[in-house]
Amino acid sequence: MLEPVWESLGYDEINWTYTPTGKRLLKDIAGTSGRPFHVRPHYVFMSGSGFGLPHFGSGNVYHEDAAGNPVYDFQIVDDTYDAIVGAGHHVLVELGFTPRDLLPDRALAEHTIIDSPTVYSAYEAGQWSYPPKDLGKWGDLVAALARHSLERYGEAEVSTWLWELWNEPDIFYWRGTHQEFCDLYEATANAVRSVLPDAKVGGPTVTGGANGVTFLRDFLAFVVDRALPIDFVSFHTKGSHFTPWRTYGVLGAEAPEKQSPSTGKMLYEMRTLLRVMAEFPSIASLPAIVDECDAGVPAHWGVYDNSNFEFQNTEYYPVFQINLMKKILDLNEQEIASVNRATTWSFYFEGERYFEGTRAFLTAGGVEKPFFNAYRALGLLGDRRLPATSDASWHVDELDDTLETGAPEEVDVLASASDDGRVTALVYRHADDQYHRGDAEVPVSVSITGLASASYRLEHFRIDRTHSNSHTVWKSLGSPQDPTPEQLSAIRDRQGLELLDEPSTVSPTDGAVELPVSLPSTAVSVLVLTPEVA
């Protein structure tokens, strides 16, 4: 069995879900495999006008009348979840954050800001991260959302959803105590289950650092001790936090220090948190949802903030992502607890320049970035993982050695088979160094055995600097920020997954074929063998 761990995405800007671009993008993502992703937008309970901004949004569900009675408004939630479900996906309901009318007095007293035209209010600046003042009203709000969802989408659809409390409570997203969070989880899980007895509930969405490890262990101990409902465990990991994070330098200038995301760091953090899960026998078999699993933070910063974010424009990112997903599958094979989904915190951004360098599937003009092609390549994999090894790769057993330096250069492979006899192999060359440039292409011999048909149609797709790469085309045209219709057409012509060679026919000898591949320094070859019918 090959678990499609990559089939999940999320983003901060909930209000861009239902824009025309957001709706089209959700449908295009569904088309990568024909299977539903779990989609996790932030800010569903945030108060606000529904005007989306980078790293901000509002579902605006909860209000109180003059007598303090709850008033619910599901207009934005309906638009959001309609777009997700309408595209063929399922919702990962992130239950956060505290609505303005549920703020405790201490939020109003402790968290204030100096008036400024560049911020809205102290609420948007962080008051929402305080615990709600009334657990009863919070529980009623959660139950109301569950009930409304059940009525609107039906039991069959809502039974596929994941219901998760909050986001990263071990850092500034939560300005309460650990016990207050645990009490909030108990109220939340019970509220969801009061409406949906079989709903999948979980958390606590901690980060991958030391605070997250401690928080997760204490949270799981609380849940086990109280025998609370829990159906999945969620946590996050990021591959880099560039220093300085934002340079405030000349636009386009080189970063003070060339830095890159680290696969090793991400896998090390995941392994650590999986092992915390394994400390609890009743928890160890639950799926782990790494529902923010990204090469860097934040999603809305790009090359003009710090030029190290350039990797989010280039072929480096899709190759990094394919390598990461392959290594997660390897990690699953050796740990007691395992990752069920690894969510990319990527969608798109309104108002950005062409190839701003943000973490997104699209750039300006609706142009698909090379990153999108990682998901097209992964979507070609079948449902059965095939044994595949490389004599030029590193193994997750070596994580302790790669934590500080990042993963070394390697050539590795992820292979699969489908029920119709199709065999797909992703063969890639990667190093945890976006600035690495190999002197020459590396010749690779790909041996595939156990083939049952007399002949196969071979398709060889490629992601590299010159293939499946809209960014390279844009650069070659002079990096226009107002491309002509002809330029935009040329860029879009190269944005999808491209063939390296024309399709051909190969005939196995004793059920085996040998396929030569030549890989530049950052590249993935997607080899698809489809049985030919005589």
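Accessible areas here come from the Shrake-Rupley method with a 1.4 Å probe, and for residues only the protein chains shown count as cover. By that method the protein chain has an accessible surface of about 20800 Å², and carbon and sulfur atoms hold 51% of that surface.

The structure is a predicted model, in which local features need pLDDT of at least 70 and side-chain atom pairs count only at pLDDT 80 or more, while totals for chains, interfaces and linings use all residues. Residues are numbered from 1 along each chain as its sequence is written, and side-chain values use heavy atoms, with hydrogens and water left out.

## Overall build

The protein chain contains 13 helices and 19 strands. Helices (H or I, at least four residues) and strands (E, at least two) are DSSP runs, numbered from the N terminus. The radius of gyration is 24 Å, close to the 24 Å from the globule rule for 534 residues, so the protein chain is as compact as a globular protein of that length. This radius is taken over C-alpha atoms, and the globule rule is 2.2 Å times the number of residues to the power 0.38. Along the principal axes, the C-alpha atoms fill a box of roughly 80 × 55 × 45 Å.

Buried residues make up 59% of the 534 in the protein chain. Buried means under 20% relative accessible area, exposed means over 50%, and partly exposed lies in between (1.4 Å probe, protein chains only). Contact means heavy atoms within 4.5 Å. Among contacts in the protein chain with a separation of 6 or more, 78% are between residues 24 or more positions apart.

There are 40 positive and 76 negative side chains, and the centres of the two sets lie 2 Å apart. Lys and Arg count as positive and Asp and Glu as negative, with His and the chain ends not counted; the place of a charge is NZ of Lys, CZ of Arg, CG of Asp or CD of Glu.

## Cysteines

A disulfide is a covalent bond between the sulfur atoms of two cysteines. The search criterion is a pair of cysteine sulfur atoms within 2.5 Å, and a search of the whole structure finds zero disulfides. Cys182 is buried, with a relative accessible area of 1%, and Cys293 is buried at 0%.

## Arg271

Arg271 belongs to helix 8 (residues 263-278) and is buried at 8% relative accessibility. Beyond its neighbours within four places in sequence, Arg271 is in contact with Leu331, Glu335, Val396, Leu399 and Asp400. One of these, Glu335, is 64 residues from Arg271 in sequence, and their C-alpha atoms are 7.6 Å apart.

## Backbone details

| Peptide bond | Omega |
|---|---|
| Gly96 to Phe97, cis | near 0 degrees |
| Gly203 to Pro204, cis | about 5 degrees |

Phe97 is in the loop between strand 5 (90-95) and helix 3 (105-110), whereas Pro204 is in strand 7 (residues 200-206).

Positive phi values also occur in residues other than glycine. Trp166 has phi near 65 degrees and sits in the loop between strand 6 (162-165) and helix 6 (178-195). Asp510 has phi of about 55 degrees and sits in the loop between strand 17 (504-506) and strand 18 (513-519). Trp166 is buried at 0% relative accessibility, whereas Asp510 is exposed at 80%.
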